[in-house]
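I opened my notebook to look up the backbone in a few loops. Here is what I wrote down, entry by entry.

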Amino acid sequence: MTTTQTSVVQDLGTLAHRLSHSARARCVCEPPQVLADRPDGTVVRSGAIVAKAHAADTDHEALAARIALAAAPQLTGILLPPLTGPGQSLTAPDPSGGPGHPGPSEPPAPAPRPVTLWPLGTPVDPTNPEAAPWAEAAVLLARLHRTEPPFRLPAMRGPAKAARAVARMRAALPGDPAVRPVLAGWRALPAWARGEVPAPARRAGFLCHGDLHLGQLVRHPAPDGPWLLIDVDDAGTGDPAWDLGRPAAWYAAGLLAPEDWFAFLDAYRSAGGPAVPADADPWPELDVPARALTVQTAALALTKCAVEQRHPDDHEQLMIESCARIATLPPELAADPAS
């Protein structure tokens, strides 16, 4: 961990600890716990408080709208509400040694990172896949998609994240033949799924999460409250089928058991979710998002393998091979005339 990363983690831990109990109380807290530390988000827990430092290049206005969405009464029981808005920021220490002592050969300090505060929830247990809340996640998505956006929101960031994953792969593996099936799958997608143009108007106005997977659910209040969706960094308006795209892609690749996929799909339909027809083939709507998220997952896997200097594991290889199949399927399934 770099000096800058260490400073951000320490500052987040201090902030969360300060808010987790009264200053007058005798402190018996455990040390702050790092829950995640990535360029796009550092998350630290102290007691019942979770502090998140968002990426330095975060659009502050868009983030403020998304945090307001999580706090909106219409989303009660669907999204975990924040404790505060994104009003604070963390700035890395000056590498030159302090104000007034610039180091001519040192890079400038990173931009401040906006910080949000959240109540602690209990996440999905990764060691107990049979208890994974696929049906509960589907019901939450259906409720989210059926909710009228309470105010103007930015576009859901799913396609933009897929494009960023492909760009990172290209930068990490320039000219490497391993990326060819992923790029072939990427080129087979319509422009809207690559983040190049807006989604077709008939599908673009729904309230979406933008990055649905089981890591985006917690029970709150902990430890056994109802399930809620977390992490609204990519939320906004868009095609609701995108939120079903990752489990659909895993099912198509053989990574999600059929009984889990059908439990998810049936629960979503039973809750009135608008992303797919209630009683017809769902794949005309799911096909493009599932392809895009297959490509995104494969691109991230290859990038991670390059950084860690290893070969893809079995699951990663399945997603890469799925990209090769995507590129060979009939083009009418990969393209949308409205794009």
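I began with Q309, which sits in the loop between α8 (283-308) and α9 (314-326). My helices (H or I, at least four residues) and strands (E, at least two) are DSSP runs, numbered from the N terminus. Before going on, I noted that this is a predicted model, where local features need pLDDT of at least 70, side-chain atom pairs count only at pLDDT 80 or more, and totals for chains, interfaces and linings use all residues. Residues are numbered from 1 along each chain as its sequence is written, and side-chain values use heavy atoms, with hydrogens and water left out.

Back at Q309, I looked up phi and found a positive value near 55°, in a residue other than glycine. Is Q309 buried or exposed? Q309 counts as exposed, at 75% relative accessibility. My cut-offs for relative accessible area are under 20% for buried, over 50% for exposed, and partly exposed in between (1.4 Å probe, protein chains only).

Next I turned to D231, in the loop between β9 and β10 (236-238). D231 is not a glycine, yet phi is positive here, near 65°. With a relative accessible area of 21%, D231 is partly exposed.

My last stop was the loop between β8 (217-219) and β9 (227-229), where I found P221. Which kind of peptide bond runs from H220 to P221? That bond is cis, with omega near 0°. P223 also lies in the loop between β8 and β9. I noted a cis peptide bond joining A222 and P223, with omega about 5°.
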